[in-house]
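Here is a short tour for a reader new to this structure. Keep the picture in view while reading.

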Amino acid sequence: SVVVERYEGGTPHAGKVLAAVQAHADDVPFFCGGTIARFVQQGYTAYLIQTTNDDKCGPTPSIGETVLANEREVETMARVLGFRQVFFLGYRNHELDAVPPVELRARLIFLFRLLKVDAVFTFNPWGHGEENPDHWVTGQAVEQACWMAGMDKDFPKHLAAGIEPHTVRERYYWVARAGQPYNRVVDIGPYVEAKVAAIAANKAQGPGGAHGRRLRADLARRGLRLPELGEDDEDADRAYVRLFLLDEYRRLGQAHGLEYGEGFQYPG
């Protein structure tokens, strides 16, 4: 059965902390951007953790410029959605499966304890149809860290530094590939514009970003115009997202009586 979290306003999550753990700059905007914007307004303090440096995904041949462009855009996206702070772990893109699992897990345990995280958003650690190793490695490390962070004999140096064990109670595993399971749909209708802005913030990679301005310029060169693309580049980028990239979230929402929805596997 699918639980639908309908939007009812108010601040039911006041005093709680969430962490979204993504592998790449465009993960959170696409998979849970509307939910993050909603939960922040409803009281959550939100932190963003990124495991890779996106060095393989960018518009320039320079690896350094690619990493910098993605990092700056993640910071912009984080401000759009209301994250308080971003933590970049900096591992090489597409090579996260070469990182010692205990190292990645330990860094996440430290952050979950330090921030006293109540809920996490990340990839389904057992997601089907996932060819990107960064995705499933991130998901598995998060799942392991959620329960180990609450154990008092793991990493006793944390305790000596005054950082107490803290178990993460709620996990939202987003749907990253067609066919992955979900048992919860979050109503993001009032926050779809925040999702649009977050997707459009990622110019360096992904199907959103700067595609609108490119399409607008290409049409202009041929003497054509699409009125929906607006009059400037940023309007065009956001319009492109609305026109071409929200169908999946519209269909999911309408299937459950909502305007737009984001799906998650929620273990409880």
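Predicted model: local features only at pLDDT ≥ 70, side-chain atom pairs only at ≥ 80, totals over all residues.

Residues are numbered from 1 along each chain as its sequence is written, and side-chain values use heavy atoms, with hydrogens and water left out.

**Helix packing**

Helices (H or I, at least four residues) are DSSP runs, numbered from the N terminus. Axes are lines fitted to C-alpha atoms over the stretch in contact, and angles run from 0 to 180 degrees between N-to-C directions.

Take helix α1 (residues 27–41) and helix α6 (residues 192–200). Their axes come within 8 Å and cross at roughly 140°. That makes α1 oblique to α6. Angles under 35 degrees count as roughly parallel, over 145 as roughly antiparallel, 65 to 115 as roughly perpendicular and the rest as oblique. The crossing of α1 and α6 is right-handed, a term for a near helix turned clockwise from the far one by less than a right angle. On the α1 side, the contact (heavy atoms within 4.5 Å) is made by Pro 29, Phe 30, Phe 31, Cys 32, Gly 33, Gly 34 and Ala 37. On the α6 side stand Ala 194, Lys 195, Ala 198 and Ile 199. By class, the residues of this contact divide into 8 nonpolar, 2 polar and 1 charged. Ala, Val, Leu, Ile, Met, Phe, Trp, Tyr, Cys and Pro count as nonpolar, Asp, Glu, Lys and Arg as charged, and the others, Gly among them, as polar.

Helix α4 (residues 133–148) packs against α3 at an angle of about 50°, with the axes 8 Å apart. α3 and α4 are therefore oblique to each other. Their crossing is right-handed. Among the α3 residues that meet α4 are Leu 104, Phe 112 and Arg 113. The contact of α3 with α4 has 10 nonpolar, 1 polar and 2 charged residues.

**Aromatic rings**

A pair of aromatic rings is described by the distance of the centres and the angle of the planes. Rings of Phe, Tyr and Trp (its six-membered ring) pair if their centres lie within 6.5 Å; planes under 30 degrees apart count as stacked, over 60 as edge-to-face and the rest as tilted. A search of the whole structure finds 13 aromatic pairs. Two of them are shown here.

| Pair | Centres | Planes | Type |
|---|---|---|---|
| Phe 39 and Tyr 44 | 5.4 Å apart | at 20° | stacked |
| Tyr 240 and Phe 244 | 4.9 Å apart | at 55° | tilted |

Phe 39 and Tyr 44 are both buried. Buried means under 20% relative accessible area, exposed over 50%, partly exposed in between (1.4 Å probe, protein chains only). Ring pairs link Phe 39, Tyr 44, Phe 121, Tyr 172, Phe 264 and Tyr 266 into a cluster.

Tyr 240 and Phe 244 sit 4 residues apart in helix α8 (residues 233–244), so about one helical turn separates them. Tyr 240 is buried at 16%, whereas Phe 244 is partly exposed at 44%.

**Two buried residues**

Arg 113 lies in helix α3 (residues 101–115). Its relative accessible area is 1%, so Arg 113 is buried. Arg 113 and Glu 164 are 51 residues apart in sequence, yet 6.4 Å apart in space, C-alpha to C-alpha.

Asp 237 belongs to helix α8. Asp 237 is also buried, with a relative accessible area of 1%. Residues that Asp 237 touches, beyond four places away in sequence, include Lys 203, His 211 and Arg 213.
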